[in-house]
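Biologist: Please show me the model, and let me then ask on what grounds each structural term is applied.

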Amino acid sequence: MGLGPSQAQRAPDMLESIVHVCLAGLSIGMFIWLVASGLTLIFGVLKVLNFAHGTFYMLGAYLCYWILARMGDNFWLGLILGPLAVCAVGFLIERFFLRHVYHLALPYQLLLTFAFVLIFDDAVKIIWGAGSLGSPTVPGLSGSFPILGRNFPSYSLFIIAVGPLVALAMWAFLERTWWGRIIRASSSDREMAAAIGVRVPALYTSVFVLGTWLGALGGGLAVPYVGLLTPGMGEVIIIDAFVVAVIGGLGSLKGAFFGALIIGLLSSFGTRFIPTFDMFLTFILMAGVLLWRPQGFFGEAK
Amino acid sequence: MRRYAIPLLAFLILAALILTGIFGSRFVVYIAMRVMILGIFALGYNLLLGRTGLLSFGHAAFYAGGAYGAALFFLHVQKHPLLCITAGVALALVLAVIIGFFCVRHTEIYFAMLTLAFGMMVFSLLWNLRDITGGDDGLVGIAREPISLGFASIPLVKPGQYYFLVLVFFLLSLGLVYVIRQSPLGLILAGIRENDKRIEFAGISLKNYRLAAFVISGGFAGLAGALGTLLNSNTTPFSAHWTHSAEPVLVSLIGGLQTFTGPLFGSLVFVVLREIIERYTQNWMLWFGIILLVIIMGFRGGIAGAISELLGRKTPSAVGKEGGRP
């Protein structure tokens, strides 16, 4: 037994590994937050649960990749232009399709957005092929950063910083600007907002496009992180985003932020310590919240 | 003349199904079986969606329950096909009772999310409990043994033979769903869809009836899963994935919600169209998505609705609750 590590040596090892698992969880959580934020914003105002949101994430990633490969591997250019291009897609979807089903029952709304999942999954396959695309490195963020004696990817740290920045920007936008106030007003009472002269249909379009942009931004930021782009990548993240949106309370941005942190940490600790049940835990948490606190951790009670 | 149109049509379709089994090529027989299995899945599912007005995104869990129940029974207990199917349906029913007990506390979007969560729980177990479920490989080597009746045995190995077992179960399901729809239970379910407050005032427990619809549809999903396992002689964990849960929803919607025959038309279109499109292109989902868009934007009665409009009948109302959302 003399060859094994002593207790004294093992303890800091454990601490290091827990800190690293925490950091990994935070970066996963911030990704889910970026996607869930758009989903939550759209649900909060339009009351439509958008299956196609994962598709916007995927399109954001592919377009970012496509643009950066044509612009001399400039990741930042791809990150700015790619999500903007996806916004055009979001605009067309809301303006010409979604707008006409707000008054219909739930299955029609959900399946309309699902139709776009099918269409764009295949469109991506046609344009970029069914295989996976490799991903580029980001200048300045491709290395790693030593934390407690172990290296942690700099890009993940960058993501951990971007998440709260986006949250802060959204908070400032919704709480402090004129447009944000109108969005909140229409969200709580559509008829009244329309009665006092808000052009609600145009406002809905703008919110949908903003939500689209957030999802696509998440996708663009995922390009260097996930390593590989695949046509089905949106179907995976959309379920995580649903879980987060539900845990935080459907329509609550604050809830989505903390929900994403919880799910990110749960999944990184789960993968580390109980790999067999990490996915199961996520969904049992989702079901538990729906059953005992359907308004979510941060939603208002009905 | 119109009085005899429906029975005549039913007779013709039945004759066509039997003739397909006898004379159809291997490929046609296989496709016909897939249509019928999806038909059973969607027919049962539509009792919940079209009849009761509940949108579940987790019914693939019960399909997988039937599939894995039958497969595990085959591998560990007994190889008799009818017993395997019974075991599959039993497992699906048990799952549906447990999951349904929790899910019927909500309606609308919360119900959809709750069923999604439970469905994905089942998927994660199938995916991760490798020792029992085979993980991502699924369970393989489920053969179709002959059905022994003591004095004789009916072989099922050839697709042309198994076809008739699937046909029998298909017709039984069809009859059962028809009876359920016309029964007091079915009428109460329709009442719940139209106005749940009134039904509650009539002293009827909404939860119990919603649970009944949930469990019945789960049972049909399990039957479809068990038949599908025997057809393909294997199982896959993706049969429990949420994307598979979307299938009966799409099929019901294409065929026409709130109609009896809608899910059957939907299944036929779903399977056959896919085969046709995949002959020419790899991108069947793209075309399917476009069809879905057209139906949602323009033909909300689905195929069954369009047909009865052609026949000059009253179109079934396309939307469950008036005005959609409260």
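This is a predicted model: local features need pLDDT of at least 70, side-chain atom pairs count only at pLDDT 80 or more; totals for chains, interfaces and linings use all residues.

Modeller: Residues are numbered from 1 along each chain as its sequence is written, and chains are lettered from A and ligands numbered from 1 in the order in which they are written.

Biologist: What makes H2(A) oblique to H3(A)?

Modeller: Helix H2 (residues 53–70) and helix H3 (residues 75–96) of chain A pack at an angle of about 135 degrees, with their axes 7 Å apart. Angles under 35 degrees count as roughly parallel, over 145 as roughly antiparallel, 65 to 115 as roughly perpendicular and the rest as oblique. The angle of about 135 degrees therefore makes H2(A) oblique to H3(A). Axes here are lines fitted to C-alpha atoms, for helices over the stretch in contact, and angles run from 0 to 180 degrees between N-to-C directions. Helices are DSSP runs (H or I, at least four residues), numbered from the N terminus.

Biologist: Which residues of H2(A) and H3(A) meet?

Modeller: Residues of H2(A), among them Phe56(A), Leu59(A) and Gly60(A), meet residues of H3(A), including Phe75(A), Gly78(A) and Val86(A). Two residues are in contact if their C-beta atoms, placed from the backbone, lie within 7 Å. The residues of this contact divide into 15 nonpolar, four polar and no charged. Ala, Val, Leu, Ile, Met, Phe, Trp, Tyr, Cys and Pro count as nonpolar, Asp, Glu, Lys and Arg as charged, and the others, Gly among them, as polar.

Biologist: Why is H11(A) called roughly antiparallel to H5(B)?

Modeller: Helix H11 (residues 278–292) of chain A and H5(B) pack at an angle of about 160 degrees, with their axes 8 Å apart. That angle makes H11(A) roughly antiparallel to H5(B). The residues of their contact comprise 15 nonpolar, two polar and no charged.

Biologist: What does H5(B) supply to the side of chain B that touches chain A?

Modeller: In total, 41 residues of chain B are in contact with 39 residues of chain A. H5(B) gives the largest share of the chain B side, 13 residues. By class, that side has 27 nonpolar, nine polar and five charged residues.

Biologist: Which residues have the most contacts inside the largest nonpolar core?

Modeller: They are Leu111(A) and Ala117(B), in a core of 195 residues. A nonpolar core is a set of buried Ala, Val, Leu, Ile, Met, Phe, Trp, Tyr and Cys residues joined through C-beta atoms within 7 Å. Among the residues that Leu111(A) touches are Val249(B), Leu292(B) and Ile296(B).

Biologist: Why is Lys47(A) called partly exposed?

Modeller: A residue is buried if 20 or more other C-beta atoms lie within 10 Å of its own, exposed if 12 or fewer, and partly exposed in between; C-beta atoms are placed from the backbone. Lys47(A) has 16 other C-beta atoms within 10 Å and is therefore partly exposed. Lys47(A) sits in the loop between H1 and H2 of chain A, and its phi is near 60 degrees, a positive value in a residue other than glycine.

Biologist: What makes Glu108(B) partly exposed?

Modeller: Glu108(B) has 15 other C-beta atoms within 10 Å, so it is partly exposed. Glu108(B) is found in helix H5 of chain B and has a positive phi of about 50 degrees although it is not a glycine.

How values were computed. Helices (H or I, at least four residues) and strands (E, at least two) are DSSP runs, numbered from the N terminus. Lists of a residue's contacts leave out its neighbours within four places in sequence.
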